[in-house]
Amino acid sequence: MPLRLDACQANRPAMDLLLRLDRRSDGYRLEHSLADLVRLRVSLLNGCPYCIDLHTTRARRAGEMDARIDLLPAWRDSALYTDRERAALAWSEAVTRLADHVPDAAWDAVRPHFSDRELVDLTLLVNAINALNRFGIAFRRAPAWR
């Protein structure tokens, strides 16, 4: 499918704001590996080909294990993820799937593993990647290898 619109070319200042929000994760109190997993999981949920390709590539370059990347859609059934990562992934899915609201179970699971500030950082990261996914999907941004 052809690209509908290059959002960065059409409105660079607006896209820079959104990209800075995502890049702010360097200042978050979250492990980079955790942020990579969250970005990739949310992108998988949203079905954004560009972001899935981008975050898979970045995670591998950062040293993430292939098995952890490959099994991310089935993270609940894999022993490869820490309790903190599991809590973050459950929270990320709940915040992404707002039509179901964020259940108390996701809140109860994430609270023991994250400080208040970290929870705000995690939620901000989830929202940033959700927004970027929506731009990628709406304008049909293709993976870089195409």
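I take helices as DSSP runs of H or I with at least four residues, strands as runs of E with at least two, and number them from the N terminus. The model is predicted, so I kept its limits in view: local features need pLDDT of at least 70, side-chain atom pairs count only at pLDDT 80 or more, and totals for chains, interfaces and linings use all residues. Residues are numbered from 1 along each chain as its sequence is written, and side-chain values use heavy atoms, with hydrogens and water left out.

I then checked the span of α3: its 15 residues reach 21 Å from first C-alpha to last, close to the 21 Å expected at 1.5 Å a residue. The expected span is 1.5 Å times one less than the number of residues in the helix.

For burial I use relative accessible area: buried is under 20%, exposed over 50%, and partly exposed in between, with a 1.4 Å probe and protein chains only. In α3 the buried residues are Leu34, Ala35, Asp36, Leu37, Val38, Arg39, Leu40, Arg41, Val42 and Ser43. Their cover includes α2, α4, α5 (66–70), α6 and α8, where contact means heavy atoms within 4.5 Å.

Aspartate 36 counts as buried because its relative accessibility is 16%. Leaving aside neighbours within four places in sequence, aspartate 36 is in contact with Ala59 and Ala62.

**Other positive phi values**

I noted the background: most residues other than glycine have a negative phi. Histidine 101 is not a glycine, yet has a positive phi of about 60°. I found histidine 101 in the loop between α6 and α7, exposed at a relative accessible area of 60%.

Arginine 140, also not a glycine, has a positive phi of about 55°. I placed arginine 140 in the segment after α8; with 29% relative accessibility, arginine 140 counts as partly exposed.

**Nonpolar cores**

I searched for nonpolar cores, meaning sets of buried Ala, Val, Leu, Ile, Met, Phe, Trp, Tyr and Cys residues joined through side-chain atoms within 4.5 Å. The largest has 25 residues, and Leu30, Val38, Trp91, Val110, Phe114 and Leu122 have the most contacts inside it. Two or more residues come from each of α1 (7–10), α2 (12–23), α3 (32–46), α6 (83–96), α7 (104–110) and α8 (116–138). The most come from α8, with six residues. I also logged a second, separate core of nine residues, including Leu40, Ile69, Trp75 and Tyr81.

What does phenylalanine 114 touch, not counting residues up to four places away in sequence? I listed Leu30, Leu34, Arg84, Ala87, Ala88, Leu119 and Leu122 for phenylalanine 114.

Tryptophan 91 lies in helix α6 and is buried, with a relative accessible area of 9%. With residues up to four places away again not counted, tryptophan 91 touches Val102, Ala106, Trp107, Val110, Leu119, Leu122 and Thr123. Its C-alpha is 9.9 Å from that of arginine 111, 20 residues apart along the chain.

**α8**

I checked α8 next: it has 23 residues and reaches 33 Å from first C-alpha to last, close to the 33 Å expected at 1.5 Å a residue. Its buried residues include Glu118, Leu119, Asp121 and Asn130. The buried residues of α8 pack against α2, α3, α4, α6 and α7.

Leucine 132 lies in helix α8 and is buried at a relative accessible area of 12%. Apart from neighbours within four places in sequence, leucine 132 is in contact with Leu18, Leu19, Asp22 and Cys51. I read 9.0 Å between the C-alpha atoms of leucine 132 and cysteine 48, 84 residues apart along the chain.

**Largest pocket**

I define a pocket on a 1 Å grid over the protein atoms alone: an open set of points where a 1.4 Å probe fits, with protein on both sides within 12 Å along at least five of seven lines; lining residues have an atom within 4 Å of a point. Grid points are joined across faces, edges and corners, and the volume is the space filled by probe spheres set on the points. The largest pocket holds about 400 Å³.

I counted 20 lining residues, with Cys8, Leu19, Tyr50, Leu132 and Arg141 nearest the centre. At least two lining residues come from each of α1, α2, α4 (49–61) and α8, and α4 gives the most, with five. By class the lining has 13 nonpolar, two polar and five charged residues. Here Ala, Val, Leu, Ile, Met, Phe, Trp, Tyr, Cys and Pro count as nonpolar, Asp, Glu, Lys and Arg as charged, and the others, Gly among them, as polar.
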